[in-house]
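Trainee: I have just opened this one and would like a walk through it. Could we begin with one spot and work outwards?
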Amino acid sequence: MERPRDVISVVVPTVLRPEVRRAVSSVVAQDCDSVIEILVVVDAMEVPPSFVIETPQRTDRIVRVLATGGPYGAPAARNLGARQSTGDFVAFLDDDDEWLPVHLSEALRVLDADVGLAGTRVYQEVDGSVISQPVPSTVLAPNQKMGDYLFRARKPGFGRASMFTSTLVCKREVLAQVPWLEGLKRHQDWDWLLRVEEAGFKIAQSGAVTAIIHVGTSGSISASAAWTPSLAWIRDQADRLSGQAYVDFLTAQTLRYAIQARSFRGTQVVLREIRRCRQLPRIGPVVIAASGLFPRGRSMSVAKRVANLTRRTNGDR
């Protein structure tokens, strides 16, 4: 008797960026033989009549378009897509990113009996130029705490520790127990990863590169310099993080945002919080914080040149 094929549900929240069609096409092109249900979730009151996703030629690739009734934000869109999905596994893809054809087959390989959530590595693209060095440079180690991996001694540059939303694939029971936190204005992916870990699910990260992340696109949350929601979020995570991870996050993320925003008050508030920890940040987070002194475009340009230099030095082509 032939074994039934897995069904994978892919949730693509969108604010109607034109790149969403590229994202959907990359899902249709996956090389795995599973049935793939693609849920495009428009974060708006309704789906505009002009918004049409082409029907895939393959009968095992199904596209459904939903609306949140909002806008309510990406976490709400992901939760709605997950609730409406029918798959044994649920994957996430942001509307401005894309997958390489091997993504789902590699993620399913990592999702063994003990692993509830899997991620992979990516290439990052800035202004149409792909940084060919795999990101992150070092993946999550077995039994490594997520907070220590992401935040402790965080390194400057594109290679820093990362687990991008657009690489995440999980078993259905993970989302049933740990939905995305709706209404969160910043650090949505990190928040979900920490809560999934806290709930007892094992998280693994493959060293394979299976996606392309497009950096700094229009409307990107990560491109903003809002330090207040970042500070509120990290204070809520204090019990989930080691002391070093906490102070390194404050320095690399929240302090950098305050400096980028040219907020004297914000810089003072964050520095007071760092002093309260009675623990010095590592050098990497200090360098990242200092990068806030430069305009984001210039910082990205410098980081891109450094990444390209590293790629040539390593002999990557």
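Trainee: Which residues is Pro281 in contact with, leaving aside its neighbours within four places in sequence?
Mentor: Pro281 is in contact with Gln244, Val247, Asp248, Thr251, Ile274 and Val286, where contact means heavy atoms within 4.5 Å. Before we go on, please keep in mind that this is a predicted model, in which local features need pLDDT of at least 70 and side-chain atom pairs count only at pLDDT 80 or more, while totals for chains, interfaces and linings use all residues. Residues are numbered from 1 along each chain as its sequence is written, and side-chain values use heavy atoms, with hydrogens and water left out.

Trainee: Where does Pro281 lie?
Mentor: Pro281 lies in the loop between α9 (264-276) and α10 (283-290); helices (H or I, at least four residues) and strands (E, at least two) are DSSP runs, numbered from the N terminus. Although Pro281 and Val247 are 34 residues apart in sequence, their C-alpha atoms are 5.8 Å apart in space.

Trainee: And what about its accessibility, what does Pro281 count as?
Mentor: Pro281 counts as partly exposed because its relative accessibility is 22%, given that buried means under 20% relative accessible area, exposed over 50%, and partly exposed in between (1.4 Å probe, protein chains only).

Trainee: Stepping back, how many helices and strands are there in the protein?
Mentor: The protein has eleven helices and nine strands, and of its 317 residues, 54% count as buried. Among contacts between residues at least 6 apart in sequence, 79% join residues at least 24 apart.

Trainee: Changing topic, how many salt bridges does the count come to?
Mentor: The count comes to 13 salt bridges, a salt bridge being a side-chain nitrogen of Lys or Arg within 4 Å of a carboxyl oxygen of Asp or Glu. One of them joins Asp95 and Arg17, with the closest N and O atoms 2.5 Å apart. Asp95 is in the loop between β4 (89-92) and β5 (98-99) and Arg17 in the loop between β1 and α1, so this pair ties together parts that are 78 residues apart in sequence.

Trainee: Are those two, Asp95 and Arg17, buried or exposed?
Mentor: Both Asp95 and Arg17 are buried.

Trainee: Which residue does Arg276 form a salt bridge with?
Mentor: Arg276 pairs with Glu273, the closest N and O atoms being 2.7 Å apart. Both residues lie in helix α9, three residues apart, which is about one turn of the helix. Arg276 is exposed, with a relative accessible area of 52%, whereas Glu273 counts as buried at 7%.

Trainee: Now the backbone: which residues does a cis peptide bond join?
Mentor: A cis peptide bond joins Val135 and Pro136, with omega about 0°, and Pro136 is placed in the loop between β7 (129-135) and α4 (146-151). As background, most peptide bonds are trans, and most residues other than glycine have a negative phi.

Trainee: Where is Asn143, and what is its phi?
Mentor: Asn143 is also in the loop between β7 and α4, and its phi is positive, about 70°, although Asn143 is not a glycine. Asn143 is exposed, with a relative accessible area of 77%.

Trainee: What is the phi of Leu16 near?
Mentor: The phi of Leu16 is near 65°, a positive value in a residue other than glycine. Leu16 is placed in the loop between β1 (7-14) and α1 (20-28), and at 34% relative accessibility it counts as partly exposed.
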